[in-house]
Amino acid sequence: MDFLRPASWEEALAAKAEHPTAVPIAGGTDVMVEINFDHRRPEYLLDLNRIGDLEEWEVGAESVRLGASVPYTKIMENLRGELPGLALASHTVASPQIRNRGGVGGNLGTASPAGDAHPALLAAGAEVEVESVRGSRLIPIDEFYTGVKRNALAADELIRAVRIKKADGPQQYSKVGTRNAMVIAVCAFGLALHPETRTVRTGIGSAAPTPVRAKVAEEFLNAALEEGGFWDNGKIITPSVAKQFADLCAGACNPIDDVRGTASYRRHAVGVMARRTLTWTWESYRGTAARTEGVA
Amino acid sequence: MPSNGAPIGTPTKVTQGSKTKGGIGESTLRPDGTLKVTGEFAYSSDMWHEDMLWGQILRSTVAHAEIVSIDTSEAIAMPGVYAVMTYDDLPTDVRNYGLEIQDTPVLAHGKVRHHGEPVAIVAADHPETARRAAAKIKVDYRELPVITDEASATAPDAILIHEGRDDHHVGHVPHPNIVHRQPIVRGNVEEAAKKADFVVTGEYTFGMQDQAFLGPESGLAVPEEDGGVHLYVATQWLHSDLRQIAPVLGLPESKVRMTLSGVGGAFGGREDLSMQIHACLLALRTGKPVKIVYNRFESFFGHVHRHPAKLHYEHGATKDGRLTHLKCRIVLDGGAYASASPAVVGNASSLSVGPYVVDDVDIEAIALYTNNPPCGAMRGFGAVQACFAYEAQMDKLADAVGMDRVEFRQLNAMEQGTIMPTGQPVDSPAPVAELLRRVKAMPMPPEQQWLSAGEEADVRQLPGGLSNTTHGEGVVRGVGYAVGIKNVGFSEGFDDYSTARVRMEVIAGEPVATVHTAMAEVGQGGVTVHAQIARTELGVAQVTIRPADTQVGSAGSTSASRQTYVTGGAVKNSCELVREKVLEIGRRRFGSYHPAWATAELLLEGGKVVTDGGEVLADLVDVLEDEAVEVEAEWRHRPTEAFDLRTGQGFGHVQYSFAAHRAVVEVDTELGLVKVIELACAQDVGKALNPLSVIGQIQGGTTQGLGVAVMEEIIVDPKTAKVKNPSFTDYLIPTILDTPTIPVEVLELADDHAPYGLRGIGEAPTLSSTPAVLAAIRDATGLELNRTPVRPEHLTGT
Amino acid sequence: MRVSFTVNGRPQEADDVWEGESLLYVLRERLGLPGSKNACEQGECGSCTVRLDGVPVCSCLVAAGQVEGREVVTVEGLADFAKQRAERGGCASGACGTSLQDAQGWAAQGQDSQTGEGAELSPVQQAFIDAGAVQCGFCTPGLLVAADEMLERNPNPSDADIREALSGNLCRCTGYETIMDAVRLAAARQGEVV
C-alpha cells in the first residue's frame, strides 16, 4: 500500500490520473473501517486532508458550492438556512466524532444507498462537480448514482464540490433507524418544497439499489397542488392527497430484506415519512410552523 | 506511643471519629479510578513487550464442514512470519478444552462445527503481516448440512454434532444433539389444571444477545526461562483458565503463570477461553512474546453468546387470581460446543416459575447442540429467557382474570418460606410484592415532555430521536411492570469457594492491610469492596489490593453475582483470622496490663484494639511492631446439591436475588420506533456494601435488559448458520440517547446466611428490565409481541 | 512511511508505519500511549476519541499519514490540556472553542508517576471518579475527551445536550446514568470556579 499526500488539488488530480486505483480518503469514516476490518487493501490511499479548498463553501445567488470535505458538523452549524434538508440529514449522521470528519464528498464517493446525504441532495436538487486532469464537469445528482455503491465518476476523477440549490421553501428530512442515535439508515426520506417553480422534489435512501427520487409521486403531487390552487390558497393538503402521495413514494421503493430491516417495512416506513414530511413542510409553507421542528 | 501517654495496653475512652473510615456501607471510590481516567490503567490489549510478535487466528468461513486439507506453506514462507500452527502442531494429546465438557478443539480437527471456528494460528512481526499470512492459508472444506434448530437437531437421521460423546450428560439426554435436559416435576399438574378457571398459553422467542463488552479479547503471552509461559490476560476466572490451558501446552500448572490484566467488561463472555491457549502456543513455539488482540468483528466469533431460546408456557389461574399450575418447555440453543449450557439449563428450569408460588409444575429445559455460534454464560444466565416468558404470561393471566397486573403478581408473589418447584424452601427474605409496590409507587415521569415543552421541544426526546421521524404523530405512551428471580453463586452441588490472602503489618508507622485474591476485577468494583471489608474488619485506613494472579488460590469466577458474596466472604474470613492472630499477639504482649484483653469482645477500629464497650486497649502499631500477620484461607458458602435428573428436586441454589422494574415507553406506533422514557428499578440487595457501586450495577444491568428488548440480536442465517451482523454497525447496543433515567430504590433485607447479610446483585436487574419494556410496548400498541428484541417490523405488522 | 506530529504538546515521530495503520494504532503501539482505546475500530463506540487540531474524532478512522504535522490531544494529556485552558481564562464565556492556534500553543507537562497516584486531574476526570461513572473503564478515555470538549463549548449543558454530545460513545457497564451525573457535576464545579 502506498500513501499519497498531495498538497494541492492539482497534485491530487495528477496522482489520481497516474494511479486510477487510488482510493481517496478524506474523513476516513468509510475507508478506514474497510481497512481496519480487512475488507479492502487498496494499492494507493490518496489523502485529501491537506487540500484546504475542499473544506470550504461559498454561498452564491442560486446555490451553495459545498466543498467535498466540509464536515457535517459545519453544514449543521452554518448552512441551516440555505440547505435545511441537508443540515437535518447531517445531524442524523452517526455521531459527533464522525460528523466532525465526514463530508458529503465521502457519501457521494461511496454511493451507498444508505448514505444519509443523498435524499436531501436529491430533494434539494444538486450537481456534483467532478474533475480530472482532463477537465471538470457537473453531474446532475439524478444521474450520479448508477448502481449499488457505484457512481458516475470516471476512474481518474475526484469529487471537488457539490452545488446544491439554495432552499426556496421548506425542506424536511427523516431517517428510520433502530436506535435513537448513531445508526445506519433502515431507510430515509427527504422532501423539499420549491415554491418558485411550484414543484416538490423527493429523495429516498436505503430503499432501492441506489438513492432515488419518487418521481411519480412528485408528478402526482405537483399536479394535485396545481389543480387545487394550493400554492396560492395555502389550504391544508387533503388527507387523500397526502395518502396517495405517500403510497406513490412507497411504490417508488425497490427494497431488500437485510439485517437492518425488511423490504416491506422499508416500503411502509417510506410512506409514513413521506406523509409526515409533506405535512411538516406544507404546514411550514402555510406559515403555521409545526410546533416541533427538527433540530439541526 | 499511645496518644494519651497512658501505659501501652491499658484502656482509654474511644474518641469521636476514631471509627474506621471507608468501611462497608460507604460509597468509597474505586482504587483504580485515577488510573482509569488518566488512560494509564493497563488493559489486556495495552500490553506491550520489546520484540513481541502478533498472533492472528484463521477462522472457518463456513459453519459445518469436513476439513479436507490445510496448506500453510505460502503463509509460513512470508517474510516476517515466525510460526503457523494447525491441529497437527499441538504439543500434546490434550487438544480440547471446555468449562465443563472438554468438547472444544483448540484448533479445528478434521471438522468445523460453527462459523468462525479457529482453524490455524499465525505469529508475525506486525498485525498486518499476520493477517496477510492467515489469508494465504488454504483450507479445503467439504460442506455438511447445517443443524440450526430443534427439529433439525433431533431428527432421527440428524448428523451428530459431536460423535462418540462420553460426557456425564449423554446418559440422560433423549438425543446426542441435546447437551443436557433437566425436568422439574412437582405436585400433580394435570389435577391442578382442573382447578383453573383460566388457562393462558404462549410461545416465546428470545434472540441471541451478545455481551458486547468494550475491551476486546486480548492478551500477551511471554515465554519464560524455565520453559513455562506467563500470560497477561483479561478473564473472569484465572484458575479455570489455567486448568484448561496447562494440559494443552503440556506444562504443569506451576509453569503457566497468569496475571490478570485490565478487563474491559465481561458479562459472562470471558468465562470461556478465547485467545489464551493460542497466544501461549505461539509464544512457546517462537520463543518470543506474542500479543493477540481481536478486533470487533472477530470478537463476535471469539466468545459465547446468550442462548437464544424458544419457550412454551402454559399457566392456569382461578377466578380469584391464584395460579394453579405451570407447564413449560424451554429449548435453549447451545450452538456447536457445550460451554456453560448444562448449568444454563439448570437455571432456566429451576427458575422458570419466576418469583411466584406455584405448587404443581411440569417443567422441562434442554440445550441443543447445533451449528449455530456457541452459547454460554451471559449476565442472567438462563433466568433471563425464562423471565421474559413468565412475565408476559403474568400480564396475560391478570388480563384474563380481570385484575390489575401488579396486584395479580403481588397476590401470587413468593415470600420467605415459599417452596420452590425444586422443593427447596426460600429461607431468606423474598420481598417480591414489596419491590413491585415500590416501583409502582415511584413518581411517574411527566407526560409527553415534548408536548409540554412547546417551542423548546426537540426531537431528541421523541421516538426516533435525532433522526427526526416524528414530531408527535403516532406517539403513544405505555407502562409495563416485571419482576424476576435469579440465583446467586454456583448451584447444583458445585464446590463454590474462594481464597483470600490477607496480610497485616506496620509500614511507615501505619498499620496496613494487604489483600491478595485471584478475583477478576471486570469493572464491578470488587477491588473497592475488598478494601472496605479489610478496613471494617481490621480497623486500618490503608489497604493495598494486590493484582490478581495465580500466585494465590482460586477465587472462582466473576459471575453468577457471586464475587462480593464469595470472595468478599473469603476476604472477611481471612481478615477475621488475621484479627484473631493480631489479638493473640496483643494478649501475649499486653494481656497482663488489663483484664479486658482476656474478658472482653475485642475489635480493631481506627487503628486500635478496642473493646466492644468502646475502650481503647492499644494501638495496632504497638501491637504489631515489626511482626507481619498473614493468612491465606479458603472460604465456601453452604453447600448445595444437584437437581434430581428425573424430578428436578434438590437444594440447588444458595441464595436468590430479586429485582422489579417499571418501564415507561413512548412508541411511534406508525413507524414502530420506541423511546424508553424511564426504567425504574427496585431491588433487594441484602446489604449495600458500596451503595454507589450497587446503583451502578443496577443501572448497567437494567440497560443491558433494555438493549435486548428493542435492538440487540445476533442474527444467524438459518440456511447457512453464518452470523450476519458481526459488527457494532449492525449489532446495536444502547447509546446514551437510547437510555432513559433509571431511578433506583434499594432495599436492604439481610440474608442471615451471607456475609454481612448481603445479596449478590449484578444479574437480577438484567432479568426484569426486558419484560418490563416489552410490557410497556404492548401497553402502548395492544400487540401480543412474543419475541424479543422487538423490531419496527413487528410493531407495524410489516 | 514516517509520520511526524504533535501529541499532547510534544513532537512525536513514528517510523516504518504501514500505510494502512490508523492514528489509534500509532498512538497505542508505536508511541506508548494506549489510553485511547480500541473497542470497535469502526467509529461506532468512541472509545478512541482524541482531539485532532482541537476537534474530537475517532482516532481509529484517521489514517496515520493524515496526521502529518497536526496536533493531537489524548486522554493522557487531558489534565494538562484542561489546566492550561483554565490558566488562560478557559472558556468561561462559553463562546470559545479551541482554536488551532491555541492547540498549537499548548504544551504538556510531565506526569509524576507511573501509577497515577498524585496525578493532577482535569475537572471532568475527577467528576467521573466522584460520580461513580467508571466501572470497567474502557469507554472512559473517549468519554472524557468528548465530555471535556463539550463543556468547553457549552459550559451549561442541558441533559439533552449532554446526551447528544456523548451519543457517539458507547458504555456497556453503567447504563450512562452515572456518566450523566459526572458531566453535570463537572459543569457545576466549573460554574462554581467561574
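## Notebook: a three-chain model, chain by chain

I started with charges: chain A has 33 positive and 36 negative side chains, and the centres of the two sets lie 6 Å apart. For that count I took Lys and Arg as positive and Asp and Glu as negative, leaving out His and the chain ends. I placed each charge at NZ of Lys, CZ of Arg, CG of Asp or CD of Glu.

A note on ground rules: this is a predicted model, where local features need pLDDT of at least 70 and side-chain atom pairs count only at pLDDT 80 or more, while totals for chains, interfaces and linings use all residues. Residues are numbered from 1 along each chain as its sequence is written, chains are lettered from A and ligands numbered from 1 in the order in which they are written, and side-chain values use heavy atoms, with hydrogens and water left out.

**Chain A**

I looked up the secondary structure next and found eleven helices and 13 strands in chain A. Both are DSSP runs numbered from the N terminus: helices are H or I with at least four residues, strands are E with at least two.

How does the radius of gyration of chain A fit a compact globule? Chain A has 19 Å, which agrees with the value near 19 Å for a compact globule with 296 residues. The radius is taken over C-alpha atoms, and the globule rule is 2.2 Å times the number of residues to the power 0.38. Along its principal axes, the C-alpha trace of chain A spans about 60 × 45 × 30 Å.

I then checked burial, and 60% of the 296 residues of chain A count as buried. Buried means under 20% relative accessible area, exposed means over 50%, and partly exposed is in between (1.4 Å probe, protein chains only).

For contacts (heavy atoms within 4.5 Å), I kept pairs at least 6 apart in the sequence of chain A, and 62% of them join residues at least 24 apart. Chain A exposes about 10,700 Å², and carbon and sulfur atoms supply 48% of that. These areas come from the Shrake-Rupley method with a 1.4 Å probe; for residues, only the protein chains shown count as cover.

**Chain B**

In chain B I found 20 helices and 32 strands. Its radius of gyration is 28 Å, close to the 28 Å from the globule rule for 798 residues, so chain B is as compact as a globular protein of that length. I noted a C-alpha trace of about 85 × 75 × 65 Å along the principal axes of chain B.

Of the 798 residues in chain B, 68% are buried. Among contacts in chain B between residues at least 6 apart in sequence, I get 79% joining residues at least 24 apart.

Where do the charges sit? Chain B has 68 positive and 102 negative side chains, yet the centres of the two sets lie 0 Å apart.

- B:Thr788 and B:Pro789 are joined by a cis peptide bond, with omega about 0°. I found B:Pro789 in the loop between strand 32 (787–788) and helix 20 (792–796) of chain B.
- B:Phe267 is not a glycine, but its phi is positive, about 60°. I placed B:Phe267 in the loop between strand 14 (256–260) and helix 7 (276–286) of chain B. B:Phe267 counts as buried, at 14% relative accessibility.
- B:Glu492, also not a glycine, has a positive phi of about 55°. The loop that holds B:Glu492 runs between strand 21 (475–488) and strand 22 (497–507) of chain B. With a relative accessible area of 22%, B:Glu492 is partly exposed.

**Chain C**

I counted seven helices and five strands in chain C. From the N terminus on, the order is β-β-α-β-β-β-α-α-α-α-α-α.

Buried residues make up 67% of the 194 in chain C. Of the contacts in chain C with a separation of 6 or more, 60% come from residues 24 or more positions apart. The accessible surface of chain C is about 6,300 Å², and 46% of it belongs to carbon and sulfur atoms.

C:Cys136 counts as buried at 5% relative accessibility. C:Cys139 is in no disulfide either; the nearest cysteine sulfur belongs to C:Cys171, 3.7 Å away. At 6% relative accessibility, C:Cys139 counts as buried.

Technical notes: A disulfide is a pair of cysteine sulfur atoms within 2.5 Å.
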